[in-house]
Amino acid sequence: MAVVELIMPKMGESITEATILKWNKKEGDQVMLDEAVLEIATDKVDSEVPSPYAGVIKKLIFNVNDVVQVGSAIALIETEANVTAKPNPIASAPDSNPPKPSSSAHLTAQEVHNAQVSTSTSSGARFYSPLVLNIAREEGISMAELENIPGTGAENRVTKKDILNYVKNRDQAVPITTTPTPQVSVSNQVQSFQPQAPTAPSITNSGNVEIIEMDRMRRLIAEHMVRSKHTSPHVTSFVEADVTNLVLWREKVKKQFEKREGEKITFTPLFIEAVVKAIKDFPMINCSVDGTNIIRKKDINIGMAAAMPNGNLIVPVIKNADTKNMLGLTKEVNDLATRARNNQLKPNEIEGGTFTLTNVGTFGNVMGTPIINQPQVAVMATGAIKKKPAVLETDQGDVIAIRHMMFLSLSYDHRVVDGSLGGSFVRRVADYLEQFDVNREI
C-alpha cells in the first residue's frame, strides 16, 4: 500500500489560494478514481477536486473554511495503485535524525504538518493556515504576537480577515511624534513614498434600513475589483461606431443560420471576431505586467463577462479565439454563456484569459467604464445598439440617414498602455465593425 497526497490544484494563473467549502469524504472512507473528494472556492469559481487514485482517505489535513495555498497537500490517500510509496506520516514513529528537506516541487504531507506545527504554535493551542502564516511573515509579526490576536474562525482560529484587521490597527496605533523630521532631497522623498489604501469610512445605520450580508462570491468579487483598481491606473477611451451593415447582415442570416447550424447567432461572436483582428494589429494590448517586465501573450484568449442569475459575474474564456471561424465562435459563446448561467463551468474554462469583453448593452446601457480583469491590461465594453440620425457623405453631398450606432469603451492599464495605443486599438475595433461585409456568406 502506498500513501499519496491530494494536492490543492491550480485554478488559474492569478489564483494562489482556495477555500475549502465542504468535504465529501471523511477519514476512513473509500474513494474511487476521479471521485470528488471535496468542494473548493476561489474568487472566480466553485469547483470539485477529484481523487487521482482509488483508495482510502487516510487523513484530512485541513478543515472546512480553511484557506489553502495552491500546491499544498490537503489530504492523504492510501492506495494500491502502482505509485512511488511515501512514508506514512500517521503510522511512522518520529525520527531523532530527520532527513534533509526534499528538493521536490511540493513538500510531503509530513513536512507540511511539521512546518505548520513548528512555525504556527508554541503551545499547540491552535492551528494557523498557510495564508495566515505567510501574512504574518510578510508583516513581521512574531509568533508570540500572532498568538495574542483574537480569532473569529472555528475553534478561535485566526482568519485572513483577523490578521489583516490586526495589521491595519497596528499601523494606525503607531504614536505620532512632534520631533522635527530631517531635511531630505525630493528624490529621496519620491523613492520612499509608499501609497496607502484609503480606509473605508465608518457607517452608522439608522432609520428604515435592511442589512444584507454579502455572499462569499460577492465578497471575493469585491476584493478582486478593489485590488485591480489599486494595481492598475485605469484610463478609458470611447469611440462611437456605425454598425448598420453588421445589424442588417445578422437580421438577414439569423434564421437560416439557426436552421442550418442549430445555433442562435448573437452580436457577441461578431464583436469577438473584430476584437481578435484588432489584437493582431496591436499585439501589445494582449499582455500583462510582471514588475518592470511586460509579458506579451502570443495566444489570444478572449474572456466574455457573463451575468449569473444571482447577480454575480463570471468570465469564461474562449481559448485561441483567433483560430475559430464564426460558427466556432458562436457555438463556444452560446455553450459557455449557458453553462455560466447554470453554474456548470469547469475551472480551466475561466482561466488563461488575455483580454476581456463585456457587453453592457445587454442591460440597455449605452456605454460603460469596466474594471480591468487582472492580470490583463485592457477590457472592452460594448454598449447598446441604437438607431440615430447620422450624417453620411455621398457622391451627391452629405445626407442625414437613420443608422444603427453604438459606443465602444476601452479601459486600459496606463502603466503599459498609453493613450495612443489604447485609442488606436478601440478605433480599429470600430473600423472592423463598420466595414462589415453585408453580403458575407455564412
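**Entry 1: serine 228**

I began with serine 228 and found it in helix α6, which spans residues 216–231; helices here are DSSP runs of H or I of at least four residues, strands are runs of E of at least two, and both are numbered from the N terminus. The model is predicted, so I kept in mind that local features need pLDDT of at least 70, that side-chain atom pairs count only at pLDDT 80 or more, and that totals for chains, interfaces and linings use all residues. Residues are numbered from 1 along each chain as its sequence is written, and side-chain values use heavy atoms, with hydrogens and water left out.

I looked up the exposure of serine 228 and noted that it is buried, at a relative accessible area of 0%, where buried means under 20%, exposed over 50% and partly exposed in between, for a 1.4 Å probe and protein chains only. Its side chain makes a polar contact of 3.1 Å with the side chain of glutamine 374. I take a polar contact as a pair of N or O atoms within 3.5 Å; within protein, one must be able to donate a hydrogen and the other to accept it, and residues adjacent in sequence count only if both atoms are side-chain atoms. Leaving aside residues up to four places away in sequence, serine 228 touches His234, Ile371, Ile372 and Gln374, contact being heavy atoms within 4.5 Å.

From glutamine 374 I went on to proline 375 and found the peptide bond between them to be cis, with omega near 5°. Proline 375 sits in the loop between β16 (355–359) and β17 (378–382).

**Entry 2: the open sheet**

I then traced an open sheet of four strands in the order β5-β4-β2-β7, with antiparallel pairing; two strands pair if DSSP finds at least two bridges between them. Its edge strands are β5 (46–50) and β7, each of which pairs on one side only. The twist from one strand to the next averages 45°, taken between N-to-C directions of axes fitted as lines to C-alpha atoms, on a scale from 0 to 180 degrees.

For β2 (residues 17–23), I noted three bridges to β7 (residues 67–69), with alanine 18 opposite valine 68. Four bridges join β2 to β4 (residues 36–41); there threonine 19 stands opposite alanine 41, and isoleucine 20 has isoleucine 40 as its bridge partner.

**Entry 3: helix α9**

Helix α9 (residues 326–341) has 16 residues and reaches 23 Å from its first C-alpha to its last, close to the 22 Å expected, the expected span being 1.5 Å times one less than the number of residues. At its start, I found a side-chain oxygen of asparagine 325 within 3.2 Å of the backbone nitrogen of leucine 327. Among the buried residues of α9 are Met326, Leu329, Val333 and Arg339, and the buried residues of this helix pack against α7 (244–261), α8 (267–281), β12 (302–304), β13 (306–307), β14 (313–314) and β15 (317–318). Asparagine 343, which follows α9, has a positive phi near 55°.

**Entry 4: further positive phi values**

Asparagine 320, in the loop between β15 and α9, has a positive phi of about 50° although it is not a glycine, and I recorded it as partly exposed at 30% relative accessible area. Aspartate 34, likewise not a glycine, has a positive phi of about 70°; it lies in the loop between β3 (30–31) and β4 and counts as exposed at 56% relative accessibility.
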